[in-house]
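Hi,

Here is the complex I promised to pass on. Have a look at it first, and my notes follow below.

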Amino acid sequence: MQISIPQRFRSKGSIVSACIVVAALVSAGLVLRGVALYPRTDDAEVTANFIGIAPVVEGPVVQLPIHDNDFVKKGDLLYKIDDRPYLYALQNALAAQMELEGEIENESRRISSQVNSVDVANAGEQSALANETRAADEIEIAEAAIARSEAALKQAQADENYAIGNFHRVQPLLDKGFVTEDDVHKARTTADAKTAAVDQAKSQLQLAKASLLSASAQKQQAVAQISQSRAEVKESAHSVLVLAPLLAQREQRAAAVRLAQYNYEQCSVVAPFDARVTNLTTSEGQYVNVGKQLFTLIDNRIWWVLANFRESQISHTQPGTPVDVFLMSDSSRKYHGIVESASFGVTPDPDVVGKLSEGLPDAQRTLNWVRLASRYPVRVRIIDPPPGIFRVGQVAVVVMRPGHRDR
Amino acid sequence: MWKSFVTSLFVTTISGCSGPPTFNILGSYFPSWLACFGIAIGLTFLAHLLITAKKLADQLWPLSIVYTALLCFFSCTLWMVFFE
């Protein structure tokens, strides 16, 4: 221990010491660099989507072919509810639909008959119009007959005047012996006959006038008939029924059938995807209500690891970054994953910002000198997960491999 | 022998093999760096025996920093070799 310090600097021991310190610094730097380049966390758990299976219809379970922890393929029957009430409801709805179709048929026939009665009323109107025309013709005929009768009367009166005049001329000549008794008698008879002819012509004229009155009355009657039959046409046209109310019910009945069919089909519940049955603790006979969860299905198609990374590491967890995943249950095996997304929110630390409450903010009075980084869940999707390995909640370790995109 | 050991360590580091970063001991998961630290303590002890045998112990200085650096070097190197 008599050696001075400058001599010790030159000795072999000093060089070895310096090498050891430098090697320690270099290795520590490399480790820090590796941790920064390839962020890792053991604060990770396996997860998958899961759904609660609840029935859409209610009733007792009659078939339950699955067991707890079974693997079910998409479309496999999970359980069946007693479907008889729903079958009967479907039959009821179908019968109601058929009944409506029958009513529509009946109503169509009734409407056809009403349309026919409108046609009949139209024919009545046509007939009334013809009657009016005929009455008008008869009026003209009657007027012509009156004219003819008047002419005949005038002629008969002229003949009568001549015959009476002749008789008055002949009668004085009988005393003087210029004419015979027979001539006078003939003249008187002729005069009487002509008077009777005048009476006959007068009565003919009366008759013709009466037929004119009758024809006029007939025409008025025909006009009244036209009005009546037109009113009848309108009335019958308005009283024709329409099918619209029944046709509108068609969709209603069809919808009732579809609903009944849907309810009937929902009695058999099938797996919506490849899944694992979980938390099944019931058997056949269980009465299930609408919306009451019976068991859980874990979606077996996609598995994730939710890894909590510090906020300072989030920038390294870009979507698409390759990831090595180790499961603690079998740490010798490495799985490949890919970053899908990083969370954008966690519950704020109540020790820092206080509790989120209504009213006034609850600000803390104590402060920490050293603040801890928040951790955000990063969702890592497992590439090609082998069947039957992954379970929700398994502990995992995740290592980011940003430079190994080709692996 | 000492130099060849270091060389082989660096070679394997560069080649980069990565093991599971956690050890399972009866249901408890211990971090890998803890194991590296434990082995590094043993390696440091072996190095101390070597140094003593070569009579370098009184030439190295300051001993507290040298052995701490040796422990750090072994720990980090083991971790990089087997777990990065």
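Before the rest, some housekeeping. This is a predicted model, in which local features need pLDDT of at least 70 and side-chain atom pairs count only at pLDDT 80 or more, while totals for chains, interfaces and linings use all residues. Residues are numbered from 1 along each chain as its sequence is written, and chains are lettered from A and ligands numbered from 1 in the order in which they are written.

Back to that pair. (Helices, H or I with at least four residues, and strands, E with at least two, are DSSP runs numbered from the N terminus; two strands pair if DSSP finds at least two bridges between them.) Both strands belong to an open, antiparallel sheet of four strands in chain A, in the order β5-β4-β2-β7. Its edges are β5 (268-270) and β7 (287-288), each pairing on one side only.

Elsewhere in chain A, take a look at Ala342(A), which lies in strand β10 (residues 330-342). Ala342(A) counts as buried because 20 other C-beta atoms lie within 10 Å (the cut-offs are 20 or more for buried, 12 or fewer for exposed and partly exposed in between, with C-beta atoms placed from the backbone). Leaving out residues up to four places away in sequence, Ala342(A) touches Ile314(A), Thr317(A), Tyr376(A) and Val378(A); contact means C-beta atoms, placed from the backbone, within 7 Å. Ser315(A) is 27 residues away along the chain, with 9.6 Å between the two C-alpha atoms.

Now the interface: 22 residues of chain B are in contact with 25 of chain A. On the chain B side, β1 (22-25), β2 (28-31) and α3 (63-83) each supply at least two residues, and α3(B) gives the largest share, 10 residues. By class, that side has 16 nonpolar, five polar and one charged residues (nonpolar is Ala, Val, Leu, Ile, Met, Phe, Trp, Tyr, Cys and Pro; charged is Asp, Glu, Lys and Arg; the others, Gly among them, are polar).

Finally, confidence. The predictor gives the complex an ipTM of 0.79 and a pTM of 0.66. Chain B averages a pLDDT (the predictor's confidence in each residue, from 0 to 100) of 79, and 77% of its residues score at least 70. Within chain B, helix α2 (residues 32-53) is highest at a mean of 92 and helix α1 (residues 2-15) lowest at 49.

Cheers

Notes: Two residues are in contact if their C-beta atoms, placed from the backbone, lie within 7 Å.
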